[in-house]
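Hello,

Here is the structure I promised to pass on to you. Please have a look at it first, and then read on for what turned up.

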Amino acid sequence: MREDNMLIFEKSVAGRRCVTMPKSPLIADIPDGLKRSSPPGLPEVAQIDLVRHYTQLARKAHGVDNGFYPLGSCTMKYSPRLNEDCAALPGFTQTHPLQGEDASQGSLAVLHDLALSLADICGMDEVTLQPAAGAHGEFGALLMVKEYFRRKNDLKRTKVIVPDSAHGTNPAGAAMCGFQVVPVPSDAGGCVDMEALAAIAGEDTAALMLTNPNTLGLFEKNIQEIVRIIHGAGGLMYCDGANLNAIMGRCRPGDMGFDLVHLNLHKTFSTPHGGGGPGSGPVGCKAQLAEFLPGDRVVFENGRYAFAKRADSVGNVKNFYGNFLVCLRAYAYILTLGGDGLREVSENAVLNANYLMKLLAPEYAPSFEGTCMHEFVLSLEELKKQTGVSAADVAKSLIDRGIHPPTMYFPLIVREALMVEPTETESKETLERAAAAFKELHALAFSKPDALLEAPVLTPIRRADELAAAKNPLLKFEG
Amino acid sequence: MNVPDNLLYTKSHEWIKILEGGNALVGITDYAQEQLSDVVFVSLCGEGEKLSANGTIGDVESIKAVSEIKSPVDGTVVRVNQGVMDDPALINSAPYDAWLVELSGVKGEDSLLSAKAYEELIGDEA
């Protein structure tokens with residue numbers, strides 16, 4: 001086997017070390033009962049093998065540092081290096097969550113001020129930083145919804161309404177919290193069908209989970225009427241804040257009438273995204289729900305930061321205070337840009353998306369007409385009918401052109417969907433080169449469709465067998 | 001697109017075949033399997049389960065998405081097709097042989113679509 005295709009466990013040789021350490025004289029002092037009975041099952045490699053291993057892995061991967069990454073709904077923006085510098089400061093890295101408030105004033109100040117900033121950005125009264133990702137935040141927020149109605153002894157509210165264009169995490173989180181999920185269809189314009197919503201909302205409605213702008217990249221223009229219907233029925237409005245990058249600094253979920261929101265710091269606030277995390281999914285809410293938030297709040301009293309319990313908290317959804325160093329990076333981003341800078345972010349994100357959408361027409365038709373927000377969804381159904389080349393084939397072919405595939409086959413209501421989100425950090429030239437690659441593939445689909453069906457051909461692993469991967473996944477190394 | 005004349009259909013792309021004796025087989029249409037692409041997993045409700053029309057028979061997972069399968073009619077599940085659960089690709093290769101469940105006490109088939117009406121429906125969608 002080629003060395004660069006081996007797992008690090010396959011490179012392991014017993015006794016090999018990155019660093020040779022003298023045998024500690026203290027080992028004799030450890031009581032026998034506290035010693036390991038067998039060594040930990042870690043790979044044993046020399047430093048050069050270790051460095052090569054991860055360098056090779058990094059070379060095979062495609063991150064935002066490698067090239068354009070227009071993965072819709074994921075906001076794969078550039079992560080500024082200044083964030084990393086801040087997160088590497090020893091005053092933050094050399095801390096322990098149990099070292100006490102007096103020795104953690106700087107870290108507490110970051111938690112306190114970030115929560116305030118995020119509350120201000122999304123128009124909420126209070127924010128918890130504890131959830132580790134967006135879906136985790138949704139889950140925590142839905143626990144709050146449940147507790148809110150339980151405390152009011154309003155036990156008939158068992159249903160959560162979710163649009164058919166929603167992220168899958170919305171119905172999943174609601175189901176995990178024991179709610180019955182009721183889908184509401186989209187209308188011909190791609191927004192919530194108002195008649196259907198009015199018919200569904202009632203005294204059993206706990207909440208509506210809405211992404212605004214929605215996953216089609218369209219602003220829910222009836223948002224005020226939607227809020228009137230749900231609040232009129234006695235339900236709560238939950239905002240999936242995954243698409244905050246489209247509206248940050250322009251309008252706020254709290255002002256639209258939402259009662260709860262989650263944010264994704266690894267999307268909108270530029271912390272590293274992908275590769276499994278760590279992420280951060282703070283939850284914000286209006287005052288009447290604040291005591292239910294997960295985790296402790298940080299307060300500033302008498303010139304000192306301290307933790308304070310929330311009276312009716314649903315409990316901890318994660319240990320300690322969330323992914324602190326991720327929060328710190330987001331705070332660095334907010335301070336770097338300031339209010340005006342954050343508004344420019346969303347303006348440029350929307351401008352970039354609209355520019356790319358226009359460049360791709362007429363070959364690639366958007367699924368809905370009009371201007372988009374920070375992303376747009378193409379339907380490649382016509383191309384597939386005419387050439388047999390699917391959305392997946394175009395996506396895989398983009399890999400050979402140095403571009404990460406857009407999100408495929410989502411949202412579910414668009415056939416042969418490709419969901420494209422360029423983000424604000426891409427230049428005009430990058431967008432133009434990407435558009436040229438898309439158009440070249442469109443022409444190739446007619447002249448030489450087989451070329452697309454085989455793609456990618458320039459990657460170490462070519463077209464992966466997705467069917468076998470889904471059916472017979474090998475999830476652990478068995479040596 | 002294959003739409004056999006001897007079956008009835010739903011707007012959500014299930015087919016139902018009324019058997020001699022009144023029981024019925026339910027599956028998903030050729031159009032549905034093509035939209036889903038390669039089916040990877042099938043999970044079905046248990047035998048003995050009473051379903052009302054639009055109740056959930058189970059779900060079908062493809063490499064693109066997971067889709068709920070709805071019962072076209074009221075009825076009780078008397079048999080589930082273990083063969084399809086073991087080899088979900090049967091849904092792609094022969095969607096009208098790969099029935100998912102057999103129902104007894106079938107009621108409500110009057111409101112279903114004929115082959116012609118279903119063909120018009122998918123003609124509009126396609």
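Let me start with one residue: G189(A) is partly exposed, because 14 other C-beta atoms lie within 10 Å of its own, which falls between the 12 or fewer of an exposed residue and the 20 or more of a buried one. In chain A, G189(A) sits in the loop between β3 (180-184) and α7 (194-200). Its C-alpha atom is separated by 14 Å from that of F376(A), a residue 187 positions away along the chain.

Please keep in mind that this is a predicted model. For the complex, the predictor reports a pTM of 0.90 and an ipTM of 0.75. Chain B has a mean pLDDT of 93, with 98% of its residues at 70 or more. Among the elements of chain B, β3(B) has the highest mean pLDDT (97), and helix α4 (residues 115-125) has the lowest (89).

Now to the strands of chain B. Strand β9 (residues 101-107) runs antiparallel to strand β3 (residues 24-28), and 3 bridges join them. Strand β8 (residues 74-80) is also antiparallel to β9(B), joined to it by 5 bridges.

Finally, where the chains meet, 6 residues of chain A are in contact with 5 residues of chain B. The chain A side of that contact has 4 nonpolar residues, 2 charged residues and no polar ones.

Happy exploring, and best wishes

Terms used. Residues are numbered from 1 along each chain as its sequence is written. Chains are lettered from A and ligands numbered from 1 in the order in which they are written. This is a predicted model: local features need pLDDT of at least 70, side-chain atom pairs count only at pLDDT 80 or more; totals for chains, interfaces and linings use all residues. Helices (H or I, at least four residues) and strands (E, at least two) are DSSP runs, numbered from the N terminus. Two strands pair if DSSP finds at least two bridges between them. Two residues are in contact if their C-beta atoms, placed from the backbone, lie within 7 Å. Ala, Val, Leu, Ile, Met, Phe, Trp, Tyr, Cys and Pro count as nonpolar, Asp, Glu, Lys and Arg as charged, and the others, Gly among them, as polar. pLDDT is the predictor's confidence in each residue, from 0 to 100.
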